[in-house]
Amino acid sequence: MNKLTLTLTLAAFAGGASALTVSGVDVPETADVSGQELVLNGAGLRTKYVLANVYVAGLYLPERSSSADSIIDSDQTRRISLFMKRDLDADTFMEAFHEGLENNLDNEDMQSLGPKIDELDQLFAEVGSLSKGDRLDLSFTDDQTEVSLDGELLDTVDGAQMQSALIKIWLGEQPAQDDLKSAMLGQ
């Protein structure tokens, strides 16, 4: 059992723990999304080129689940929180999002989501860079994705198809990182 899995397992049994700590980041056990309390399903560290810690990602759901497909296809409120471990400029961040989408969607889906992807690109361009310590939340409610930075709502993007596409970046068949997917699924 690796250290991250052991940490997640111990946290699951702790019950009253106020946060799960992953790579020095305290990930809250709950998140409030539009008045609904969600529970932390799992969290893990995204690395790049082995040595670069990019962010800690936490997945919040109404109730815990280890089924990626049911989470992706759900119409329930969900949230993915990214706790930045390093500075990232908008171009690098957008490139990573595009790569995650392209890895998990076919050409037809990419084309149909083109305008929504453009909305996100414009939003990230307006944000500029993300700094170490920032928290970016993607909250999936009804048919909207709310994008927030450090608790401040930046904008929303409509469409259930866009929600599923974004969640697939981390939980799809070709996730950003396999062990991150497992950690977010609480495995």
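Thr141 sits in strand β7, which covers residues 135-141. The model is predicted: local features need pLDDT of at least 70, side-chain atom pairs count only at pLDDT 80 or more, and totals for chains, interfaces and linings use all residues. Residues are numbered from 1 along each chain as its sequence is written, and side-chain values use heavy atoms, with hydrogens and water left out. The chain has seven helices and nine strands. Helices (H or I, at least four residues) and strands (E, at least two) are DSSP runs, numbered from the N terminus.

**Whole chain**

- The C-alpha trace spans about 45 × 35 × 30 Å along its principal axes.
- Of the 187 residues, 47% count as buried. Buried means under 20% relative accessible area, exposed means over 50%, and partly exposed lies in between (1.4 Å probe, protein chains only).
- The chain exposes about 9400 Å², and carbon and sulfur atoms supply 44% of it. These areas come from the Shrake-Rupley method with a 1.4 Å probe; for residues, only the protein chains shown count as cover.
- Among contacts between residues at least 6 apart in sequence, 57% join residues at least 24 apart. Contact means heavy atoms within 4.5 Å.

- Thr141 is buried, at 7% relative accessibility.
- Leaving out residues up to four places away in sequence, Thr141 touches Val33, Ser34, Thr77, Glu146 and Gln163.
- Asp142 lies in the loop between β7 and β8 (144-149).
- Asp142 counts as exposed, with 65% relative accessibility.
- The phi of Asp142 is positive, near 45°, in a residue other than glycine.

**Ser23 and its loop**

- Ser23 lies in the loop between β1 (19-22) and β2 (25-28).
- Ser23 is not a glycine, yet its phi is positive at about 50°.
- Relative accessibility is 31% for Ser23, so this residue counts as partly exposed.
- Ser23 touches Leu45, Asn53, Val56 and Lys85, not counting residues up to four places away in sequence.
- Ser23 and Phe140 are 117 residues apart along the chain, and their C-alpha atoms are separated by 26 Å.

**Helix α3 against helix α6**

- Two packed helices are described by the angle between their axes and the distance between the axes.
- Helix α3 (residues 90-104) packs with helix α6 (residues 160-171) at an angle of about 95°, and their axes are 8 Å apart.
- Axes are lines fitted to C-alpha atoms, for helices over the stretch in contact, and angles run from 0 to 180 degrees between N-to-C directions.
- The two helices, α3 and α6, are therefore roughly perpendicular to each other. Angles of 65 to 115 degrees count as roughly perpendicular, under 35 as roughly parallel, over 145 as roughly antiparallel, and the rest as oblique.
- From α3, Phe97, Gly100, Leu101 and Asn104 meet Ala165, Leu166, Lys168, Ile169 and Trp170 of α6.
- The residues of this contact divide into six nonpolar, two polar and one charged. Ala, Val, Leu, Ile, Met, Phe, Trp, Tyr, Cys and Pro count as nonpolar, Asp, Glu, Lys and Arg as charged, and the others, Gly among them, as polar.

**Two residues of α3**

- Gly100 is in helix α3. This glycine is buried, with a relative accessible area of 8%.
- Gly100 and Gly172 are 72 residues apart in sequence, and 8.9 Å apart in space, C-alpha to C-alpha.
- Asn103 is also found in helix α3. Asn103 is partly exposed, at a relative accessible area of 33%.
- Asn103 and Glu173 are 70 residues apart along the chain, with their C-alpha atoms separated by 8.3 Å.
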